[in-house]
Amino acid sequence: MSNLKIRTRYAPSPTGFFHIGGARTALFNYLFAKHNGGDFIVRIEDTDIQREVEGGIDSQLTNLKWMGIIPDESIWNEGKYGPYIQSKKLDRYQELAYKLLQENKAYRCFCTEKELQEEREQSLKNHSTPKYSRKCLNLTEEEINQNIKNNVPFVIRLKIKDNTNIEWNDLIRGHMTVPTSALTDPVILKSNGYPMYNFAVVVDDYDMKITHVLRGEEHLSNTPYQIMIKQALGFDSQPIEYGHLSIITNSEGKKLSKRDHTLKQFIEDYKSLGIMPKALTNFLSLLGWTPNNNKEILSLEETIKEFDLSKVSKSPACFDFNKLLWISNQHIKLLSNDEFIQLIKPFVKINLNEFTTEENFDNLLLIFKPQIDSFSEINDLIKSTFNNMELNNLSNELKEFIKLPESMRVIKRFKEELSSITSLTFESSTNLISNLKNEFASKGIKNKSFFLPLRIVSIGKEHGPEMNKIITIVGKEKIINNINKFI
């Protein structure tokens with residue numbers, strides 16, 4: 001195995017849009033492949049035609065690209081192991097299923113849905129695990145031919161070995177053993193000629209020379225079936241190693257479910273929210289994996305370099321939305337001012353002319369760079385900070401505070417100095433505040449008694465950005481009008 005080039009895959013079904021769980025699975029396969037100099041493949045498993053969602057395929061590939069998870073092979077950039085979509089391989093699946101039939105490793109099952117359901121209900125009544133009764137396993141050649149002649153629909157089932165243990169060394173969970181007595185003869189080809197999931201997966205992994213499969217723990221029950229199918233097909237000469245990732249839970253410790261609407265679960269939701277792809281990728285990489293250096297803010301390149309499968313946990317990984325926001329904030333802080341402006345402008349939905357002059361638009365946005373967790377927050381932050389303020393909206397405590405003689409002296413001197421400024425810039429605003437602060441400090445006025453009155457008359461708030469930034473953004477005329485109202 002060590003001499004083979006590592007090839008991993010992410011194989012989504014277009015029965016839904018790109019989900020957090022799928023994104024984590026794709027990412028871990030990508031990280032493992034790239035850390036080991038291997039290839040990462042994306043193939044589309046579209047044989048469940050009744051549940052296929054329009055736009056499902058595009059959602060997977062577009063959002064993978066957005067996250068920086070670029071496949072070496074996919075339907076967008078095919079390699080030599082295609083096709084990369086199952087619906088184009090039906091002849092291949094059918095050929096192999098009938099080959100197993102001829103080799104007496106599989107058999108036709110003519111049972112109806114009603115018969116199978118009755119069997120299942122009887123098993124449940126007997127408190128036993130529902131399993132197919134093998135009713136069709138020993139049909140005579142004559143019975144089979146008569147059914148075929150009468151056009152009785154049938155599926156093809158794999159005949160599993162009796163009294164055997166299916167074993168594998170899981171890359172994350174260690175040695176695993178499942179007795180075949182706990183399994184049933186699985187359907188490998190449906191009556192409409194489409195393969196069942198486990199059969200198609202085995203064929204595809206073999207055809208694409210996949211060496212390692214990392215997937216969610218919900219696939220643990222599929223693994224023994226896939227191993228049996230692989231053995232029946234004679235694919236053992238090309239070994240595959242399996243690793244099953246932990247479930248992702250919500251803040252209450254419950255498994256993340258697509259029906260749980262308390263948490264955004266689709267990648268499109270986080271794009272709309274204004275989470276940077278590098279922040280989301282960073283966060284997802286920490287869902288079940290811990291870097292050797294315990295560093296939490298990592299670029300994708302750093303994550304690839306650090307990724308170690310032995311550090312992947314089998315314990316449930318909690319999706320902590322607040323941690324995602326913190327990681328997002330850290331990545332935003334690392335942006336240059338030009339990068340920040342470029343990325344946040346598409347999220348600005350309000351008219352900035354209501355808050356400042358056009359030449360100060362960028363400065364207005366940059367004020368919030370240190371506190372932004374997601375770009376979509378910018379509209380509410382600007383409105384809540386610089387909206388039209390009225391004295392009546394102040395708390396009684398603040399109203400009493402600015403009436404104090406000390407506060408009024410600060411406000412009147414501020415108006416005098418502000419009125420004398422001809423060109424209002426960050427530099428001139430900084431000098432104004434610095435000089436006034438020193439002046440009142442020499443008279444024993446503390447910082448709170450100096451800054452709070454100025455902030456109140458400028459934006460009508462107790463807290464906010466630095467005063468030099470407030471002055472520049474709000475503008476001389478508006479602040480003086482506010483002061484006149486208060487006085």
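Okay, let's start with helix 7, residues 223-233: ten of its eleven residues are buried, so this helix is largely enclosed by the rest of the structure. Buried here means under 20% relative accessible area, with exposed being over 50% and partly exposed in between, using a 1.4 Å probe and protein chains only. Helices are DSSP runs of H or I with at least four residues, strands are runs of E with at least two, and both are numbered from the N terminus.

Quick housekeeping. This is a predicted model, so local features need pLDDT of at least 70 and side-chain atom pairs count only at pLDDT 80 or more, while totals for chains, interfaces and linings use all residues. Residues are numbered from 1 along each chain as its sequence is written, and side-chain values use heavy atoms, with hydrogens and water left out.

Back to helix 7. Its buried residues include Y225, Q226, I229 and K230. Just after the helix, G234 takes a positive phi of about 75°.

So what does N198 touch, leaving aside neighbours within four places in sequence? The contacts are N222, Y225, Q226 and I229, where contact means heavy atoms within 4.5 Å. N198 itself lies in helix 6, residues 197-207, and at 15% relative accessibility it counts as buried. Its side chain also makes a polar contact with the side chain of Q226, at 2.8 Å. A polar contact is a pair of N or O atoms within 3.5 Å; within protein, one must be able to donate a hydrogen and the other to accept it, and residues adjacent in sequence count only if both atoms are side-chain atoms.

Another buried one is T47, with a relative accessible area of 9%. You'll find T47 in the loop between strand 2 (39-42) and helix 2 (56-67). Its side chain has a polar contact of 3.5 Å with the side chain of Q86. Beyond four places in sequence, T47 is in contact with Q86, K190, Y194 and P195.

Now the strands. Strand 5 (residues 165-170) and strand 6 (residues 174-179) form a hairpin with three residues between them. They pair in the antiparallel sense over six bridges; two strands pair if DSSP finds at least two bridges between them. W168 stands opposite M176 in strand 6.

Strands 3 and 4 share four bridges, and C109 has V155 of strand 4 as its bridge partner.

Last stop: helix 18 (residues 447-459) and helix 20 (residues 476-486) pack at about 105°, axes 8 Å apart. Axes are lines fitted to C-alpha atoms, for helices over the stretch in contact, and angles run from 0 to 180 degrees between N-to-C directions. That makes the two helices roughly perpendicular, the word for 65 to 115 degrees; under 35 is roughly parallel, over 145 roughly antiparallel, and the rest oblique. Helix 18 brings I456, V457 and S458, and helix 20 brings I479, N482, I483 and F486.
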